[in-house]
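This report describes the nonpolar cores and the backbone geometry of one protein. Please keep the sequence and the structure at hand while reading.

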Amino acid sequence: MPEYADIYVRDSLRDTGVVPSTDNPWASPDIIPNQGDTLTPDQAASTYTDDIGKRIVNGGLNYFYVRAKNLSPTPESGTVSLHYSKASLLMTPSQWLDQPISTASGLTSVPFLDRSAQRLLAPGDIGLAQPAFMLTSLPATNDHYCFVAVVTTPRTTVEIPPAFGSNTQFAQWVMNTPAVAWRNVAMINNPRDNQVVASALFGNMDPSPRRVYFRVVGTDMPVGTDVHVQNADTRCPIDERVYLPVPEPDGKQINGFESDVPARYEGGVSMTITTPRNTPFGPGATIRLEYYQVPDQSNDIEASVATDHRVPEADGRAPAYRSLVELGRVTLRIGAAS
């Protein structure tokens, strides 16, 4: 696979700039919510191998930084815009294009600067968008949001389609666009010590119904935690309960279920997460809801985009691997850790 040769933002910590990217595109460590703390280009560069993002504080000061790396063999400059939408498992451009975030002075396009505050990034340099984008409130509490960064350089202008013909075309566009990054950020207020309620958008852009898979991944959650996923829309009814098992060696607690989604459908699911016996959430507790399409192996594009993911066996045995097309994910950081 070729490596991108311009300023890029990563899809995940494993993203090295190859096109298409090979890991999930919904957890960019280069979109950095930093609450009320400032971040310097030197700090952004020295922590490049880490995800240092924090939660959003609704009603408080939130600085958002975007960092990037120059993969070109020549010095390059670039700017970035940052957008947001309500969390979605299938986030199309129409949901975020008209919701830009600005700096304190009203800028919606911000240049990258290197450690010497220069706009021209040398080959291999890591830059940080300066000044920071700023956000003090969002339309709703008890929710989580998606943030999208779009990089523009003298050689690269991202063409953002207003719509896609299918779910797979959307996933393929994300994987093939190194100048675009996504991050899902949690903003959770617990109604009680052992329960959290959240929601996420989802849908199907295909012209025909599709079979999908919802995978629930817990970390540091009490064994037996009940995750109740619902959609009250009679066009696409969902009412599924899954329970988080004993963690695997890597700490993940995996469960999930399949469902059918009508053609050209847009809707939302709610998640009610309840621990057993009023057990409080652990300090590092997270729940991730992942959204996949079951691929048609006779379709060359779907077969090429699909990757292997661990899913539970129907009889409750340890998870096995299954080929799926990842469409999106949202992560809820429920524990006290920032």
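In which loop is the place of P20? P20 sits in the loop between β1 (7-8) and β2 (31-33). The model discussed here is predicted.

## Cis peptide bonds

The peptide bond from V19 to P20 is cis, and its omega is near 0 degrees. Another cis bond runs from Q130 to P131, with omega near 5 degrees. P131 belongs to the loop that lies between β7 (126-129) and β8 (133-135).

Most peptide bonds are trans, and most residues other than glycine have a negative phi.

## Positive phi angles

Q35, a residue other than glycine, has a positive phi near 50 degrees. The position of Q35 is in the loop between β2 and α1 (41-46).

N278 is likewise not a glycine, and its phi is positive, near 55 degrees. The loop between β16 (265-274) and β17 (286-293) holds N278. N278 counts as exposed because its relative accessibility is 59%, and the cut-off for exposed is over 50%.

## Nonpolar cores

The largest nonpolar core comprises 81 residues, and F147, W182, F202 and F214 have the most contacts inside it. Strand β9 (residues 143-152) gives the most to this core, contributing seven residues.

Leaving aside residues up to four places away in sequence, W182 touches P25, W26, A27, S28, I31, M91, W96, F147, V148, F170, W173 and V174.

Technical notes. Residues numbered from 1 in each chain as written. Predicted model: local features only at pLDDT ≥ 70, side-chain atom pairs only at ≥ 80, totals over all residues. Heavy atoms only, no water. Core = buried A, V, L, I, M, F, W, Y, C linked by side-chain atoms within 4.5 Å. Buried < 20%, exposed > 50% of the residue type's maximum accessible area, 1.4 Å probe, protein only. Helix = DSSP H or I, 4+ residues; strand = E, 2+ residues; numbered from the N terminus. Contact = heavy atoms within 4.5 Å.
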